[in-house]
Amino acid sequence: MPWVKEFDVDEAVDRAKHVFWLKGYEATSISDLVEAMGINKGSLYNAFGSKKELFVRAILKYDRENRQAALKQLEEMDDPIMAIQALFDSLIAESEADTEHKGCFLVNTALELPNHSDDIKELVAEALLDFEQFFERLLVLAKERGDVPKTLNTANVAKSLLSQVVGTRVLARGVFGSEGLQAIRTQALDQIAA
């Protein structure tokens, strides 16, 4: 008799995503996953193949629904500088609302990269490169409009802004409070002041 799926796969991936996000890949056990997902071990393997394949689905879902969706919305704003300000404001607001101190699933995974396979390393690297390119597109547009100094090195500042996003996400997990996060935001925006 063929295996019949008796659960919502998308919901199960959401539940797994939360566990991976909170604990990290290495610290998450199959028992943690089946408990959170409300399925048995056989169903997990039949539906997803392995813990790693489930992790890849979870991080891709997170990236699509969080990072990609947010950057798309910000890039649609008419003012590139306001979009960058809005990004940092939203990072701080999310961090302050994050009572579990989960941070960013993508950044957390980047911190674990030495323990991951090449395909996961590539997935994270591509997502972070896309984030950097988002900043560079906004900075080039701001430069064309005269909103930032003509001497601004957009490639270098894009890298710096990405590093400040990563720093914000890491430090917000319990090291920095609101004042510290605001200081990062201020330094990020000072780089692009006209």
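This is a predicted model: local features need pLDDT of at least 70, side-chain atom pairs count only at pLDDT 80 or more; totals for chains, interfaces and linings use all residues.
Local features were taken only at pLDDT of at least 70 and side-chain atom pairs only at pLDDT 80 or more, while totals for chains, interfaces and linings use all residues. Residues are numbered from 1 along each chain as its sequence is written, and side-chain values use heavy atoms, with hydrogens and water left out.

The structure holds 11 aromatic pairs. Rings of Phe, Tyr and Trp (its six-membered ring) pair if their centres lie within 6.5 Å; planes under 30 degrees apart count as stacked, over 60 as edge-to-face and the rest as tilted. One of the pairs joins Y25 and F55. Its geometry is edge-to-face, at 5.0 Å centre to centre and 70 degrees between the planes. Y25 lies in the loop between α1 (9-23) and α2 (30-37), and F55 in helix α4 (residues 51-75), so this contact ties together parts 30 residues apart in sequence. Helices (H or I, at least four residues) and strands (E, at least two) are DSSP runs, numbered from the N terminus. Y25 counts as buried at 14% relative accessibility. F55 is also buried, at 0% relative accessible area. Buried means under 20% relative accessible area, exposed over 50% and partly exposed in between (1.4 Å probe, protein chains only).

F88 and F135 form a stacked pair, because their ring centres are 6.5 Å apart and their planes lie at 25 degrees. F88 belongs to helix α5 (residues 80-97) and F135 to helix α7 (residues 118-145), so the pair links parts 47 residues apart in sequence. Both residues, F88 and F135, are buried.

One aromatic cluster is formed by F20, W21, Y25, F55, Y62 and F105.

The largest pocket has about 440 Å³ of space. A pocket is an open set of points on a 1 Å grid where a 1.4 Å probe fits, with protein on both sides within 12 Å along at least five of seven lines; lining residues have an atom within 4 Å of a point. The volume is the space filled by probe spheres set on the points. Of the 26 lining residues, Y62, N66, L91, E94 and R169 are the closest to the pocket centre. α4 gives the most to the lining, with seven residues.
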